[in-house]
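Open the model in a viewer and keep the selection tool at hand. The stops below go from a ligand to a strand and then to a cavity.

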Amino acid sequence: MSRTVIVEALKRSDFGSDVNIKGWVRTRRGNKNVSFIAINDGSTVHNIQVVVDIEKFGDEFLKPITTGACLSVKGKLVESLGQGQSVEIHAEAIEIYGSADPETYPLQKKGHTLEFLREIAHLRPRTNTFGAIFRIRHHMAMAIHTFFHEKGFFYFHTPIITGSDCEGAGQMFQVTTLNLYDLKKDDAGAIDYNNDFFGKQSSLTVSGQLEGELAAMALGSIYTFGPTFRAENSNTPRHLSEFWMIEPEVAFNEIEENMQLAQDFIQYCIRWALDKCKDDLEFLCSMYDKELIERLNSVVGDDFIRLSYTEGVEILETAIAKGQKFEFPVGWGTDLQSEHERYLVEQHFKKPVILTDYPKEIKSFYMKQNDDGKTVRAMDVLFPKIGEIIGGSQREEDFTKLQNRAEEMGVPTKDIWWYLDTRRFGTAPHSGFGLGFERLLLFVTGMSNIRDVIPFPRTPNNSEF
Ligand code: 4AD
Ligand code: MG
């Protein structure tokens with residue numbers, strides 16, 4: 001008899017048929033005659049109940065069936081009379097694959113804190129919460145690929161190891177095979193990378209954008225979806241040292257089309273979650289965030305607000321004048337903090353906001369310069385509870401302006417000669433953006449710490465598992 005996954009077993013109504021399910025015991029309760037075992041196999045947040053006649057199997061045999069044990073159960077599918085479940089299985093044969101000692105198995109019945117579960121990241125996928133989150137994570141990845149594929153974008157793979165710093169922010173993890181216990185330096189005290197593995201200083205990428213732009217200038221519309229790395233020492237609930245980013249890049253798109261793409265893209269993903277992850281969303285809604293589903297519905301219907309950074313700062317300054325308190329100062333030229341972004345979204349507009357035309361000093365060298373000489377054609381999408389969820393821009397397509405800006409900002413142009421070449425040969429207007437996958441997941445799951453939406457979070461002082 002082949003195995004039936006629990007999500008399918010729960011939908012069946014051919015009562016009386018034989019069925020085989022396999023999974024991990026969530027709870028076992030009962031009396032001296034009958035035992036009820038709730039089993040979960042990860043295919044759904046719902047358990048299936050197995051009813052066991054104790055006399056048939058014997059107490060000794062059933063003893064190791066405790067929370068966490070793994071079983072294969074064969075039996076008859078029966079309509080359930082119990083509340084909240086449609087079918088159950090009356091056990092005819094049970095195989096115990098593995099027991100889980102109640103003295104040492106950390107996931108006992110009682111509710112655990114998310115902090116504790118982070119310490120046992122190897123076992124937390126077995127909880128309802130993390131089962132739901134990781135199923136949603138999968139569905140969001142499928143939504144992303146489907147969205148772009150249906151729009152005719154090509155999935156383009158950009159390198160993880162790179163010799164250039166896309167964001168020019170110097171937050172890169174170095175990749176080396178040099179012997180750190182015996183580093184050779186030249187007379188000036190500089191490390192000689194000629195002898196390193198790649199023959200030059202190399203790092204883990206902070207973004208696939210630069211290579212993505214090369215692809216867009218050949219294939220038209222592309223997207224990347226891969227891991228990115230940032231050695232920024234920010235221990236916040238919204239930053240990871242290793243996170244996944246989706247970066248579409250489109251030839252001939254200007255900033256307005258880029259904004260529309262960003263809005264269509266996020267709304268598509270959230271609609272996908274509402275359609276395909278109903279049970280898991282309802283579970284997370286009931287356990288963690290009563291407004292979750294309402295909030296998801298609230299962003300899929302309407303257009304996002306579009307306004308300039310300058311207008312955004314004016315709104316914040318007016319709010320401060322009226323008594324609004326922020327931890328960090330605001331003024332034209334300062335980078336907005338998440339508290340400011342969230343004020344605009346949650347208090348002022350009560351809608352997602354796309355802020356554009358930021359001061360050039362606080363944005364990357366590759367952004368298209370506006371005629372005012374002060375701002376660039378940047379766009380950040382700001383979301384409730386999250387702040388910045390997307391960062392992007394129209395790109396500077398003019399060779400000289402781009403080269404000058406890179407030099408002004410201290411980005412070594414010798415490392416990006418190939419990127420500059422796109423502006424020398426057949427340049428064209430183009431735009432793109434990056435969506436932080438885990439920021440999207442924070443929004444969709446209602447979790448409040450980014451460490452809880454990626455299986456094995458990498459953060460300062462943490463690379464366990
Ligand atoms: O705004 P960022 O730095 O933009 C770029 O990397 C551009 N190259 C994107 C592009 O135009 N192709 O990062 C983009 C997004 C942010 O809006 C945020 O959602 C996410 O990536 N992000 C992070 N997510 C988790 N942890 C971090 N440390 C993150 N840094 C950025
Ligand atoms: Mg950004």
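Select ligand 1 and Glu-167 to begin: in this predicted model, a polar side-chain atom of Glu-167 lies 2.6 Å from a nitrogen atom of the ligand. Then show the backbone of Leu-240; one of its polar atoms is 2.9 Å from a nitrogen atom of ligand 1.

Now widen the selection to the surroundings of ligand 1, which comprise 24 residues. The closest are Glu-167, Gln-209, Arg-230, Glu-247 and Glu-388.

Move on to strand E10, residues 221–229. Is this strand mostly covered or uncovered? E10 is mostly covered, with 9 of its 9 residues buried.

Select the neighbours of E10 in turn. Strand E11, residues 242–251, runs antiparallel to E10 and is joined to it by 9 bridges. To find one of them, pick Ser-221 and its bridge partner in E11, Val-250. Strand E6, residues 154–155, pairs with E10 in the parallel sense over 2 bridges. Here, select Tyr-155 together with Tyr-223, its bridge partner in E10.

The last stop is a cavity. The structure holds 1 cavity of 30 Å³ or more, and about 30 Å³ of space lies in the largest cavity. To display its lining, select Thr-162, Ser-164, Cys-166, Thr-205, Ser-207, Leu-210 and Glu-211. Colour these residues by type: the lining divides into 2 nonpolar, 4 polar and 1 charged.

How values were computed. Residues are numbered from 1 along each chain as its sequence is written. Chains are lettered from A and ligands numbered from 1 in the order in which they are written. This is a predicted model: local features need pLDDT of at least 70, side-chain atom pairs count only at pLDDT 80 or more; totals for chains, interfaces and linings use all residues. Side-chain values use heavy atoms; hydrogens and water are left out. On a 1 Å grid over the protein atoms alone, a cavity is a set of points where a 1.4 Å probe fits but cannot get out, and a pocket is an open set with protein on both sides within 12 Å along at least five of seven lines; lining residues have an atom within 4 Å of a point. Grid points are joined across faces, edges and corners, and a volume is the space filled by probe spheres set on the points. Ala, Val, Leu, Ile, Met, Phe, Trp, Tyr, Cys and Pro count as nonpolar, Asp, Glu, Lys and Arg as charged, and the others, Gly among them, as polar. Buried means under 20% relative accessible area, exposed over 50%, partly exposed in between (1.4 Å probe, protein chains only). Helices (H or I, at least four residues) and strands (E, at least two) are DSSP runs, numbered from the N terminus. Two strands pair if DSSP finds at least two bridges between them. A residue is near a molecule or strand if one of its heavy atoms lies within 4 Å of it. A polar contact is a pair of N or O atoms within 3.5 Å; within protein, one must be able to donate a hydrogen and the other to accept it, and residues adjacent in sequence count only if both atoms are side-chain atoms.
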